[in-house]
Amino acid sequence: MATGKINVSVDNIFPLIKKFLYSDHEIFLRELISNATDATLKMKHLTTIGEAKVEYGNPIIEVKADKEGKKLHIIDQGLGMTEEEVKKYINEVAFSGAEEFLNKYEDSAKDSGIIGHFGLGFYSAFMVAHKVEIITKSFKDEPAVHWSCDGSPEFIMEPAEKETRGTEIILHIADDSTEFLEDGKINELLTKYNKFMPIPIKFGMKTETLPKPEGAKEEDPAPTQEVDNIINNPNPAWTKQPADLKPEDYKSFYRELYPMQFEEPLFNIHLNVDYPFNLTGILYFPKLSNDLNQQKDRIQLYQNQVFVTDNVEGIVPEFLTMLRGVIDSPDIPLNVSRSYLQADGAVKKISSYITRKVADKMNSLFKNDRAEFEAKWNDIKIVIEYGMLSEDKFFDKADKFALYPTVDGSYFTFEELQEKIKDAQTDKDGKTVILYASDKEAQHSYIETAKAKGYEVLLLDSPIIGHLMQKLESSKENICFARVDADHIDKLIQKEETQISKLSEEEKETLKKELEEAITDKSFTVQLEAMDSDSSPFTITEPEFMRRMKEMQQTGGGGGMFGMGSMPDMYNLIVNTNHPLVSEFLNTKTAKKKERLINQSLDLAKLSKGLLKGKALTDFIKRSYEMVK
């Protein structure tokens with residue numbers, strides 16, 4: 001038997017490990033199973049190249065809980081260690097890493113991946129155990145070794161009785177960590193961190209139903225057998241070649257990743273690159289709503305099939321964090337601060353690669369099956385629009401496949417749209433005006449007015465469309481967007497010809513003054529316009545600039561002129577001076593009749609705009625019935 005002192009300058013490192021990494025203490029199981037996996041994969045490599053003259057076999061990693069004895073066992077059939085290797089890897093190497101860890105991260109060691117990064121994977125066991133034992137036998141023909149340590153710098157090492165190669169770690173669980181002896185907790189951690197580890201992981205047994213033998217009666221129970229409960233899938237879809245996978249395989253893997261998601265993903269993107277960095281993965285486009293904050297399931301980040309995090313901010317471009325799936329890369333520095341991560345060159349390349357792959361996939365789907373792409377547009381547009389806003393390179397690529405739907409259900413690319421509307425919708429200054437609605441029902445009368453003129457009206461209803469229109473207007477030449485209710489249609493697209501008003505300047509002045517006195521709501525600005533006599537007498541519009549500013553402010557941005565959400569409602573009341581009703585109003589001498597005319601006309605305009613509510617709506621209905629009588 002040998003005893004010794006672990007070579008580290010700190011008198012007792014274990015309380016420090018526990019203190020620094022307390023919030024992440026559950027990762028001890030991830031670290032120990034990662035070590036067992038490494039040992040098994042190294043064994044496979046040595047047998048493959050002929051350096052180890054032993055059978056590799058079908059090794060597994062086993063996790064066993066002993067609740068009564070308060071012990072947790074992690075057993076592998078990997079390389080194992082000789083006495084010299086235990087001295088080197090357990091007593092020396094890990095603790096040189098421990099010292100570096102203490103020097104560098106004493107104030108900020110909160111990162112869940114930090115232990116493995118500094119060679120402290122094995123010692124993470126002391127976050128939950130008051131004593132740890134190792135029983136190990138190397139694949140080399142040398143005696144087995146038993147090492148134990150009670151969390152002080154002293155250890156004991158002696159020969160052990162072990163016939164088979166591999167390593168068994170025994171954790172004597174501390175009183176404040178007994179939750180890690182519960183089957184439910186162990187199962188939860190194995191599923192979270194080790195669901196796709198490359199070596200089968202056994203945790204207990206399960207009952208499997210077998211087919212009934214021939215001739216069995218219907219009421220006879222099916223035979224069962226006890227089998228190993230393997231909790232992981234060692235060969236997940238992202239580790240395979242795309243050519244080896246069918247569409248159903250991708251859908252099946254999606255259900256494996258997100259068992260609580262019942263809707264099928266719209267499509268997937270398989271990532272596979274080995275230069276200038278290593279990265280594999282599968283991203284899925286789920287059905288998305290217009291709620292930017294609704295994100296139940298996130299992209300999962302793995303390192304060599306070990307789960308690391310589902311916070312991929314800084315690695316995946318922000319607009320793609322709404323997707324789901326898996327990214328696996330050994331080249332992402334997982335154990336450093338988020339700010340360092342965002343500045344890291346490899347991470348920036350990975351982010352650019354993922355952006356390009358998504359853009360290429362969209363373009364290919366658009367070109368190969370435009371009808372299907374159009375059918376899915378409403379479910380994916382929020383990601384595409386967000387990407388166009390936030391990533392210039394994506395904006396350039398998306399120009400080929402981003403769609404602009406009309407209120408009638410047609411879809412155009414920007415180039416197609418420009419070509420279609422340029423003749424009819426170019427104003428007297430040579431600017432092409434793109435008309436759009438945000439709500440087909442609420443803006444129906446305005447849409448119909450525009451369509452009667454032969455104009456196309458887009459349906460743009462996502463929460464960030466105001467920001468995107470701003471970007472399109474600044475990056476394209478001679479175009480502008482205008483919502484159909486932003487002004488009278490003749491003012492939205494002004495042609496050379498101007499209507500002549502039937503009213504004199506004096507009559508117009510009188511009319512405007514009387515209307516301003518009659519309308520008590522100061523959010524309305526009266527504007528007199530000469531239009532066709534069959535156009536509406538009163539039309540309520542919202543100035544495009546002010547309304548767009550307000551909408552953009554509500555989704556973040558739009559300048560700091562007003563406090564968030566504090567911009568007032570502002571409307572224009574467009575009065576058609578050529579409409580007979582307006583002339584009648586001007587010529588009516590009875591004050592009561594004049595008041596009734598203006599109230600009814602204004603309320604009709606408000607009703608068309610969706611602004612007539614509450615008491616005002618009740619009064620309008622009552623007044624209308626009186627007029628019918």
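Two strands count as paired if DSSP finds at least two bridges between them. Strands (E, at least two residues) and helices (H or I, at least four) are DSSP runs, numbered from the N terminus.

You're looking at a predicted model, where local features need pLDDT of at least 70, side-chain atom pairs count only at pLDDT 80 or more, and totals for chains, interfaces and linings use all residues. Residues are numbered from 1 along each chain as its sequence is written, and side-chain values use heavy atoms, leaving out hydrogens and water.

**Stop one: the parallel sheet**

Select strand S17, residues 432-437, and then S18: three bridges join the two, which run parallel. Zoom in on Tyr436, whose bridge partner in S18 is Leu458. Now show the whole open sheet, three strands in the order S18-S17-S19 with parallel pairing. At its edges are S18 (457-459) and S19 (479-483), each pairing on one side only.

**Stop two: the mixed sheet**

Here another open sheet has three strands in the order S20-S22-S21, with mixed pairing. S20 (524-529) and S21 (538-541) each have a single partner strand, so one side of each has no neighbour in the sheet. Finish with S22 (571-576), joined to S21 by four antiparallel bridges, and pick out Phe538, opposite Val575 in S22.
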